[in-house]
Amino acid sequence: MLLLALILLAALWELYKLVIPDDGVRLGDALILPRSDDTSMPHLSQIFGAFGKQEVAGASGTVASSVVSAVWYSLRLAAAGFAAGVVVGFLLAMAMQRLRIVERALLPYVVLSQTVPLIALAPLVYGWSGNLTLFGLDWQPWMSVSVISAYLAFFPVAVGALRGLSSPPAVQTELLRCYAASWWQTLVRLRLPASVPYLIPALKLAAAAAVVGAIVAEISIGLPGGVGRLIITYAQQATGDPSRVYAPIAGAAVMGLVAVGLVSLLDVALRRYHTQEEAT
Amino acid sequence: MRTQAVWAGRIFQGVWPPIIFGVGFLALWQWFVEVRDIEPFVLPKPSAIFEQLRLHHDTIFEAARITGANALVGLAVGLVVGVVAALLAARLRVLDEMLTPLAAAMAAIPIVALTPIFNTMFASTSSTPRRLVVAIYVFFPIFVNTLRGLRQIDPVHAELMRSYAASPWTTTKVVRLPGALPFFFTGLKIASSGAVIAAIVSEYFGGLQKGLGPAITSAAAASAYPRAWAIVTAAIALGLVFYIAAVLAERLAMPWQRPQGELS
Amino acid sequence: MSTPAAVNLEGVGKRFGEGTGAVQAVSDIDLTVAAGEFVSLIGPSGCGKSTLLRIVANLIEPSEGTVLVNGKPAGRARLDQDYGIAFQSAGLLEWRTVQGNVELPLGLHGVGKAQRRAQALELLELVGLADFAEHRPSQLSGGMQQRVAIARALARRPALLLMDEPFGALDEMTRERMQSELIRICAETSAAVVFVTHSIPEAVFLSQRVVVMSPRPGRITEIVDVPLAGRDEDVREAEQFFAAITDVREALRGRSPVTDEGPA
């Protein structure tokens with residue numbers, strides 16, 4: 001069915017180009033429907049063709065190969081950010097579950113953290129590179145991207161893990177108290193397994209967020225080698241060759257799908273702990 | 001009378017831990033920067049940031065107004081389209097089966113990456129590309145959550161409506177729609193603050209140089225870091241305003257959800 | 001012309017599923033409930049009493065046999081709104097006030113606003129909840145919510161009231177109080193009642209006749225007459241009450257003597 005939807009969208013795209021005038025549709029002064037000429041909306045064939053084109057001066061190989069290497073680069077940065085975000089988010093959730101006062105003090109800020117426009121902080125974080133040394137490591141530019149990635153990823157993990165760790169009903173927690181189980185034992189034997197159905201959707205959201213964070217950070221920093229930078233470069237060349245920019249955007253899309261797909265593999269591995277439909 | 005006092009007491013209880021934490025955090029930040037003599041480009045002092053806010057509040061407010069307008073228009077459009085799509089998808093299985101996997105796939109994709117495409121489609125001097133990006137970003141949580149709410153119906157309510165020989169549309173109007181409201185608002189809360197972020201991020205892809213995003217970049221480029229952070233603070237405040245508006249809308253639309261005492 | 005029987009079932013049976021996996025829920029049901037009569041359906045879990053009630057309510061179609069409600073086919077009776085129904089869970093719409101909930105069936109069938117209000121208040125008086133008209137369901141206890149559900153079931157002054165273990169979720173004291181209330185309400189409205197229950201004392205206290213059903217496939221084992229004089233609180237301690245309970249209990253056991261199986 002997804003395939004059908006995509007085919008329909010493709011058909012709509014070409015139909016639009018056929019029907020709507022080149023200059024778009026205006027209402028008074030404002031353009032309410034976009035232009036349909038070949039510069040603004042390349043034919044689908046042109047878009048697919050862009051992948052095979054040769055790179056311009058400064059790079060070698062085809063557009064496709066540039067996109068693939070950029071995606072690989074960004075994916076690794078996003079993965080580092082994801083890992084950091086998951087660890088931080090999970091530790092936060094554990095602290096908030098353990099001590100109610102920590103939850104009450106911190107949860108509003110955890111929610112608030114998502115109103116911060118990271119793309120704005122990215123250049124500021126980037127400014128640390130070359131000038132900051134943390135635990136004996138010089139701050140590398142790529143670290144700025146991973147930090148942003150981690151920042152976006154930690155939120156769904158913190159919220160999802162908190163809900164998951166708090167999910168066992170009173171009957172179960174009371175049972176473990178009868179066994180004189182310590183907080184740690186209760187965590188490992190009850191809360192962690194119980195949190196799996198909440199963690200899986202949270203991890204998927206975090207994976208997608210890590211990808212978005214990495215790309216957005218790369219765009220605002222202009223980090224060479226990443227998908228974000230490639231999008232900006234091709235976008236700047238749009239007047240010359242409008243179809244190129246679709247390639248890295250598609251690459252970004254693939255990157256997101258791969259990230260979520262990898263988490264789904266984890267889902268399969270943890271089947272034992274969540275036999276029913278995922279909790280939402 | 002007594003319930004009002006109880007209510008006020010509960011708000012206070014809920015509010016003091018984060019406030020204490022926030023104030024403490026700011027104080028610690030200020031002390032840390034001063035004691036370690038940290039450069040502004042790494043981390044400016046909170047006092048310097050507030051100073052910049054005070055000095056430049058006019059321009060900052062203007063930039064916030066523009067970004068806010070984009071976010072609002074995008075939010076409104078995405079909201080309407082999302083709700084209509086959910087209503088249609090609840091009714092027509094075919095539409096549901098096409099849109100839902102598409103929504104799941106789109107959740108993994110950075111939507112803001114579409115901005116360059118829209119920039120070329122529309123004139124680069126128009127605000128439409130940014131508003132469109134926000135609308136698309138907002139559409140998905142609204143659509144997914146509203147559809148989920150429309151689909152689920154308490155079996156007792158379903159049987160009751162059947163016993164009244166009510167038509168499917170009547171059942172939707174009387175039971176499904178009010179029942180879907182909590183789900184819709186879940187989506188709205190997610191979408192509202194995200195709309196501001198999407199608006200700011202889309203400003204980074206070129207086009208008009210007004211709005212909070214470009215203001216931050218130009219401040220950073222001029223090495224005026226306290227000012228840059230001040231504008232970031234304004235952006236946070238804008239996101240908060242949207243989020244609080246969504247929460248207020250939820251309280252207004254669903255008065256029955258306010259926790260009240262039980263009688264027997 | 002004499003009033004038609006409230007319910008008339010002839011040769012009613014219901015099979016779920018096909019072929020080898022088919023389950024016969026009820027079979028060979030012949031039952032007539034006179035106008036104004038209170039009849040209980042009692043039996044072990046899985047005997048099909050709830051299924052039978054839903055067949056009368058036209059929420060399920062029978063596999064064989066005829067169902068007449070108020071002299072009409074069950075489907076027609078549902079479209080004409082000849083009966084009111086109350087389920088085990090009150091099923092009140094949480095976004096409406098208590099009054100709004102009672103008005104639901106009235107509003108659905110075109111009763112004007114002023115008249116709706118008046119009738120709803122009258123019904124709430126009947127069940128003793130007139131003071132709670134503006135409250136929300138979440139503010140009421142389980143027993144009170146069930147009373148609202150009963151008021152709602154009586155909204156259209158039906159000739160027949162169908163009730164599926166409406167007091168099942170309540171504690172014993174509340175249950176007994178509600179039973180007395182129901183007797184009083186039925187006396188005032190002279191509706192016939194078909195009442196599904198698990199509880200022998202409840203069935204005996206409320207009904208003129210108790211229909212005892214067998215385990216799956218549900219058949220009518222026996223119909224026990226309960227000739228109790230006056231049904232007030234004193235009856236619960238009367239000789240006849242316990243005699244009737246024993247009567248029904250033995251009918252449930254199939255009138256076979258209980259053998260004492262000592263230690264093997």
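Trainee: Leaving aside its neighbours within four places in sequence, which residues is Tyr126(A) in contact with?

Mentor: This model is predicted, and contacts are judged from C-beta atoms placed from the backbone, which must lie within 7 Å. Once the neighbours within four places in sequence are set aside, the contacts of Tyr126(A) are Pro141(A), Ser144(A) and Ile221(A).

Trainee: Is Tyr126(A) buried or exposed?

Mentor: The place of Tyr126(A) is in helix α5 of chain A, which covers residues 118-126. A residue needs 20 or more other C-beta atoms within 10 Å to be classed as buried. Because Tyr126(A) has 22 C-beta neighbours inside 10 Å, its class is buried.

Trainee: How far apart in space are Tyr126(A) and Ala214(A)?

Mentor: In sequence, 88 residues separate Tyr126(A) and Ala214(A). In space, the distance from C-alpha to C-alpha is 13 Å.

Trainee: How many helices and strands are there in chain A, and in what order do they run?

Mentor: Chain A contains 10 helices and four strands. Of its 280 residues, 42% count as buried. Among contacts in chain A with a separation of 6 or more, 71% join residues 24 or more positions apart. Read from the N terminus, the order of the elements is α-β-β-α-α-α-α-β-β-α-α-α-α-α.

Trainee: Which chains have the most contacts between them?

Mentor: Two pairs of chains touch. Of the two pairs that touch, the one with the most contacts is chains A and B.

Trainee: How do the residues of the side of chain A that touches chain B divide into nonpolar, polar and charged?

Mentor: In this contact, 48 residues of chain A meet 48 residues of chain B. The elements of chain A that give two or more residues include α1 (2-19), α5, α8 (183-221) and α10 (246-269). By class, the side of chain A has 39 nonpolar, seven polar and two charged residues.

Trainee: Which element gives the largest share of the side of domain 1 of chain C that touches domain 2 of chain C?

Mentor: Chain C is divided into domain 1 (1-16 + 23-82 + 160-254) and domain 2 (92-157), and 24 Å separate the centres of these domains of chain C over C-alpha atoms. In their contact, 12 residues of domain 1 of chain C meet 12 residues of domain 2 of chain C. With six residues, the largest share of the domain 1 side comes from α6(C).

Trainee: How many residues of domain 1 of chain B are in contact with domain 2 of chain B?

Mentor: Chain B is divided into domain 1 (1-38) and domain 2 (42-255). The centres of these two domains of chain B, taken over C-alpha atoms, are 28 Å apart. Where they touch, five residues of domain 2 of chain B are in contact with residues of domain 1 of chain B, and the latter number six.

Trainee: At what angle do helices α3(B) and α6(B) pack, and is their crossing left-handed or right-handed?

Mentor: Helix α3 of chain B covers residues 57-91 and helix α6 of chain B covers residues 128-151, and their axes are 6 Å apart. Their contact has 22 nonpolar, five polar and three charged residues. The angle of packing is about 35 degrees, and the crossing is right-handed.

Definitions and conventions
Residues are numbered from 1 along each chain as its sequence is written. Chains are lettered from A and ligands numbered from 1 in the order in which they are written. This is a predicted model: local features need pLDDT of at least 70, side-chain atom pairs count only at pLDDT 80 or more; totals for chains, interfaces and linings use all residues. A residue is buried if 20 or more other C-beta atoms lie within 10 Å of its own, exposed if 12 or fewer, and partly exposed in between; C-beta atoms are placed from the backbone. Axes are lines fitted to C-alpha atoms, for helices over the stretch in contact, and angles run from 0 to 180 degrees between N-to-C directions. A crossing is left-handed if the near helix is turned anticlockwise from the far one by less than a right angle, and right-handed if clockwise. Ala, Val, Leu, Ile, Met, Phe, Trp, Tyr, Cys and Pro count as nonpolar, Asp, Glu, Lys and Arg as charged, and the others, Gly among them, as polar. Domain bounds come from an automatic or database domain assignment.
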